[in-house]
Amino acid sequence: MPDVMDKRKDDVEILKKGVDVLIIGGGITGAGVFNMLSALGINAALIEANDFAFGTSSRSSKLIHGGLRYLANGQFSVVRDSVRERDFLIEKSGIVELKNFLIPLDEFSWSRSSLRFGLWIYSLFSRKIKARWYSREEIKNKYPFLENTPQKGGYVYAEGVVDDSRLVIQNIMSGKAHGNIALNYAELISLDFDVDGVKQARIRDKITGEEFDVKLRILVNSAGPWVGRVFQMMGKRYPDLDSLSSMLKLSKGDHIIVRRDLYPVDLALAIRSPLDKRQVFIIPRGDVVIIGTTETYYRGSLEKPLPSEEEIDYLIESVRRYVNIRKEDIINAYSGIRPLFGKGEDLGKISREYKIIKKDNIINVLGGKITTYRTVSKKISRIIMDSLGVKGNPEISFIYRRDPESVREELKRNYSLEDDEVKYAYDIIYENAFHLDDILWRREGYFIFSDDSGVNEIQGCIGAMKKVLGYGDDILNEEKRSYMDSIYFPMQSLKKD
Ligand SMILES: Cc1cc2nc3c(=O)[nH]c(=O)nc-3n(C[C@H](O)[C@H](O)[C@H](O)COP(=O)(O)OP(=O)(O)OC[C@H]3O[C@@H](n4cnc5c(N)ncnc54)[C@H](O)[C@@H]3O)c2cc1C
């Protein structure tokens with residue numbers, strides 16, 4: 001079992017020899033492309049400035065869905081593609097589950113006839129998952145908790161739910177299992193050009209502090225909301241990319257998390273807010289219920305987006321008739337940034353369809369959804385295959401399966417681990433975790449899906465980090481402080497230590 005730091009050093013040395021394709025960004029888009037290219041045997045590498053899935057891909061509503069509301073905007077191709085991808089991921093990924101959703105008919109919902117029409121179109125795209133009408137009486141019998149809510153019956157249909165960051169990790173680890181390199185905490189800081197486009201990338205290793213250059217033939221810019229910053233690195237060479245930046249709009253979406261006992265029903269709700277008729281979801285997951293989302297123009301920090309007071313109030317007010325929560329019931333919250341590309345000021349109306357912009361040997365990708373990551377990855381992979389003269393059928397591979405149990409005894413022996421430290425050691429050794437939130441948010445999901453936001457797991461993680469990574473007490477105390485700070489309490493005075 002190679003030491004984590006030695007393995008990283010070896011990977012950096014291999015990268016320095018150059019790659020055919022360098023992918024910037026370890027969100028779902030970069031992860032999907034990396035997975036597909038690796039399965040094709042193409043020499044590709046992925047670098048991620050923070051942790052894998054640090055950006056929007058760990059901060060979504062975690063739905064693998066057709067997106068009924070897009071029908072209302074006439075975005076039929078988004079819905080068709082999404083429904084098909086949803087069915088594929090439910091069948092193949094092993095980590096997307098079905099969940100029933102109720103769209104209640106109430107005074108703010110779409111009319112029964114438009115819902116019926118929308119769901120009929122849905123069923124044309126997917127014959128597998130059918131919607132069914134439930135009268136108020138039937139809902140009351142099946143879900144007594146909803147008895148006092150204002151619906152007049154509604155349609156129940158199924159969508160996929162996923163742990164979004166786990167899907168990213170799964171794709172990246174599958175790509176690595178094919179022999180390619182993916183480095184988290186490795187940031188693109190500048191680019192060098194020659195007549196054919198980019199020839200070299202300068203990368204900062206945020207774990208060791210080293211800076212190094214990587215020669216490349218093709219660059220994929222899948223930096224999500226940061227895509228514009230990478231445009232700036234190309235600005236001198238491609239001034240038109242800079243002007244395209246004005247069509248890039250950052251929109252923030254917030255979610256609040258409350259305990260499950262406030263909404264003890266295993267049925268998600270897709271309602272429309274009485275405030276502005278936007279769609280808001282109430283989604284029971286694990287020990288908690290996730291409620292979201294908002295949509296506002298965003299100009300703040302991309303690294304630490306947070307909900308504002310008004311946005312929290314908006315969500316509470318929007319769902320009050322179905323789940324009556326107070327600010328102090330909120331146990332955590334998170335925000336994600338959508339990079340939208342399009343004209344017009346109405347964010348809700350800008351297409352969620354992805355856009356690929358190719359310049360010489362650079363492929364930039366903007367927008368999109370987690371649900372359709374395989375479609376985007378295929379498009380990008382085909383462009384790359386044409387350029388490199390590679391034949392084959394690009395496809396996502398699911399060869400990596402997480403399995404801490406298979407190495408439990410070996411890990412315990414090698415690192416003198418306690419039982420409760422084993423899976424965290426696995427996250428570090430096999431899935432490249434370096435920090436507490438890498439483990440508790442993006443590898444294990446406790447930050448979002450547990451009703452203590454992962455606080456009770458901190459000790460086990462600290463033990464594993466000390467024994468495997470050799471971190472001293474100062475670093476571990478700082479890790480703990482920064483994790484506790486990242487848990488969002490709208491009522492700061494109630495914050496626990
Ligand atoms: C609130 C919200 C809810 C959503 N809900 C859903 C949903 O339920 N279902 C769905 O299908 N879609 C949903 N989406 C859309 C979906 O989350 C995004 O389309 C998707 O996550 C975008 O992934 P990405 O890889 O393009 O970007 P990101 O996940 O943001 O990844 C980009 C990565 O690039 C890295 N990076 C940036 N600069 C550099 C650099 N210089 N060097 C190296 N790396 C760099 C960042 O650290 C980041 O990790 C939602 C979006 C939002 C905002």
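Guide: Neighbours within four places in sequence aside, isoleucine 103 is in contact with Ser109, Leu115, Gly154, Tyr155 and Ala270; contact here puts the two C-beta atoms, placed from the backbone, within 7 Å. The model is predicted, so local features need pLDDT of at least 70 and side-chain atom pairs count only at pLDDT 80 or more, while totals for chains, interfaces and linings use all residues. Residues are numbered from 1 along each chain as its sequence is written.

Isoleucine 103 sits in strand E4, residues 97–104; strands (E, at least two residues) and helices (H or I, at least four) are DSSP runs numbered from the N terminus. Isoleucine 103 counts as buried because 23 other C-beta atoms lie within 10 Å; the cut-offs are 20 or more for buried, 12 or fewer for exposed, and partly exposed in between. From isoleucine 103 to tyrosine 322 the C-alpha distance is 12 Å, across 219 residues of sequence.

Leucine 167 belongs to helix H7, residues 164–177, and its 24 C-beta neighbours inside 10 Å make it buried. Beyond four places in sequence, leucine 167 is in contact with Ile28, Ser93, Ile95, Val162 and Ile370. Of these, isoleucine 95 is 72 residues away along the chain, with a C-alpha separation of 7.4 Å from leucine 167.

H2 covers residues 28–39 and H11 residues 373–388; their axes are 8 Å apart and pack at an angle of about 55°. H2 is therefore oblique to H11. Axes are lines fitted to C-alpha atoms, for helices over the stretch in contact, with angles from 0 to 180 degrees between N-to-C directions. Under 35 degrees counts as roughly parallel, over 145 as roughly antiparallel, 65 to 115 as roughly perpendicular, and the rest as oblique. The crossing of H2 and H11 is right-handed, that is, the near helix is turned clockwise from the far one by less than a right angle, anticlockwise being left-handed.

The ligand is surrounded by 37 residues, the closest being Gly25, Gly27, Gly55, Gly224 and Gly253; the criterion is a C-beta atom, placed from the backbone, within 6 Å. By class, the shell holds 13 nonpolar, 19 polar and 5 charged residues.

Leu436, Asp437 and Leu440 of H14 make the contact with Glu479, Lys480, Tyr483 and Ser486 of H17, giving 3 nonpolar, 1 polar and 3 charged residues. Within H14, aspartate 437 is buried, with 21 other C-beta atoms within 10 Å. Leaving out neighbours within four places, aspartate 437 is in contact with Phe447, Tyr483 and Ser486. Phenylalanine 54, 383 residues away in sequence, has its C-alpha atom 9.6 Å from that of aspartate 437.

Some backbone geometry remains. Most residues other than glycine have a negative phi, and most peptide bonds are trans. Asparagine 432, in the loop between helix H13 (422–431) and H14, has a positive phi of about 60° and is buried, with 26 C-beta neighbours inside 10 Å. Lysine 277 also has a positive phi of about 60°; it lies in the loop between strand E12 (268–272) and strand E13 (279–285) and is partly exposed, with 14 C-beta neighbours inside 10 Å. A cis peptide bond, with omega about 15°, joins glycine 292 and threonine 293, and threonine 293 is in the loop between strand E14 (288–292) and strand E15 (296–297).

Methods:
Ala, Val, Leu, Ile, Met, Phe, Trp, Tyr, Cys and Pro count as nonpolar, Asp, Glu, Lys and Arg as charged, and the others, Gly among them, as polar.
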